[in-house]
Amino acid sequence: MAIDIGGTKIAGALVHPDGTMTATTRRPTPRGVDAEGVMAAVAEVVADLSESPLWSSAVRCGVGSAGPVDTSRGTVSPVNIGAWRDFPVQERIAAELAARGAELPTVLAGDGVAMTAAEHWLGAARGYANALCMVVSTGVGGGLVLNNQLHPGPTGNAGHIGHISVALDGEPCVCGGRGCVESIASGTAIARWARDQGWTPSAGPGAGGSDGANGAYGPGAARDATAAGVAAAAAQGDPIALAAFDRAGRALAAAIAASATLVETDIAVIGGGVAAAGDTLFGPIRTHLAQYATLSFVQELQVVPATLGTHAGLIGAAAAATMLLPPSASPESSSDPAPTA
């Protein structure tokens with residue numbers, strides 16, 4: 001059983017050992033409500049799942065959530081869900097399951113860790129024993145797989161690459177640090193830097209819609225004053241836009257190389273809205289990586305796009321549950337995600 005909690009939607013599904021999903025359901029994340037109002041939407045998702053004839057077959061539950069998370073306490077304080085601060089989401093979901101006859105072992109994972117579990121199970125990091133997976137969007141998050149084990153750390157925040165400092169004299173970051181990757185390479189930061197350098201969206205044809213800091217990467221995006229608009233302008237050769245993505249790519253390359261040097265990862269997988277810019281982002285990353293990943297054991301490090309897209313949250317919640325909960329939780333299938341911890 002998988003539940004994915006984000007700033008715009010709360011989704012659920014029953015996930016089979018081969019990664020296929022059934023009984024998929026979702027609710028919009030409530031706005032203008034208190035903590036219980038948000039939890040009510042989660043309860044509705046659980047209720048929907050309980051109507052499936054496969055409900056009684058579920059053996060474990062994974063909950064992926066926007067962060068910050070504290071998996072040692074089972075609590076979340078998502079920046080995009082203001083009503084939840086230190087909310088005991090793991091305990092509350094376990095209680096909802098039990099009330100409907102499913103007393104399942106339940107585990108909480110941050111969205112970056114869930115995405116990492118998903119990509120390692122079925123996505124671009126499949127077959128790699130050591131991987132760094134990243135989400136580059138409004139913020140920059142991530143997770144680690146080491147020796148085929150998901151490595152969330154004591155509070156579930158290991159692999160949070162967005163707050164590695166790559167510019168010692170860089171600008172302050174929202175986390176309180178300085179020169180963090182997120183302050184340079186997030187969609188928000190890319191757009192802000194480009195505008196500060198004098199870039200303005202094109203007045204050309206199209207209706208570049210935006211759904212947040214990253215906008216929509218497609219026709220008309222050049223009119224969008226977000227990272228999507230900057231990417232579209234870069235694709236058309238705008239020098240400021242190109243410089244903005246080069247700057248972001250360099251920051252990401254430095255952090256990826258540092259992480260790989262520290263724990264010897266084989267591959268870096270990048271997903272999230274900004275990754276939709278394609279070679280506009282990946283080109284600079286790979287170019288600059290050659291300047292930072294210079295030791296023999298990291299020179300072959302690959303950087304590739306994530307492949308699971310919008311399915312990563314639910315698949316990742318299920319994968320995290322299999323990887324993090326004890327094997328005794330159920331008879332193990334050979335089709336289960338990578339070895340359980």
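I began with strand S9 (residues 140–146), which is joined to S10 by two bridges, the two strands running antiparallel. Strands here are DSSP E runs of at least two residues, helices are H or I runs of at least four, and both are numbered from the N terminus. Two strands pair if DSSP finds at least two bridges between them. I looked up Val145 and found its bridge partner in S10, Leu150.

A note on the source: this is a predicted model, where local features need pLDDT of at least 70, side-chain atom pairs count only at pLDDT 80 or more, and totals for chains, interfaces and linings use all residues. Residues are numbered from 1 along each chain as its sequence is written, and side-chain values use heavy atoms, with hydrogens and water left out.

Next I checked the whole sheet: it is open, has five strands in the order S10-S9-S8-S11-S12, and its pairing is mixed. S10 (149–150) and S12 (302–305) are the edge strands, each with a single partner, so one side of each has no neighbour in the sheet.

Then I turned to Ala131, which lies in strand S8 (residues 131–136). Is Ala131 buried or exposed? Ala131 is buried, as its relative accessible area is 0% (buried means under 20%, exposed over 50%, partly exposed in between, with a 1.4 Å probe and protein chains only). Leaving out residues up to four places away in sequence, I found that Ala131 touches Ala125, Gly143, Leu144, Val145, Thr265 and Ile267 (contact means heavy atoms within 4.5 Å). I also looked up Glu264: 133 residues from Ala131 along the chain, with 8.6 Å between their C-alpha atoms.
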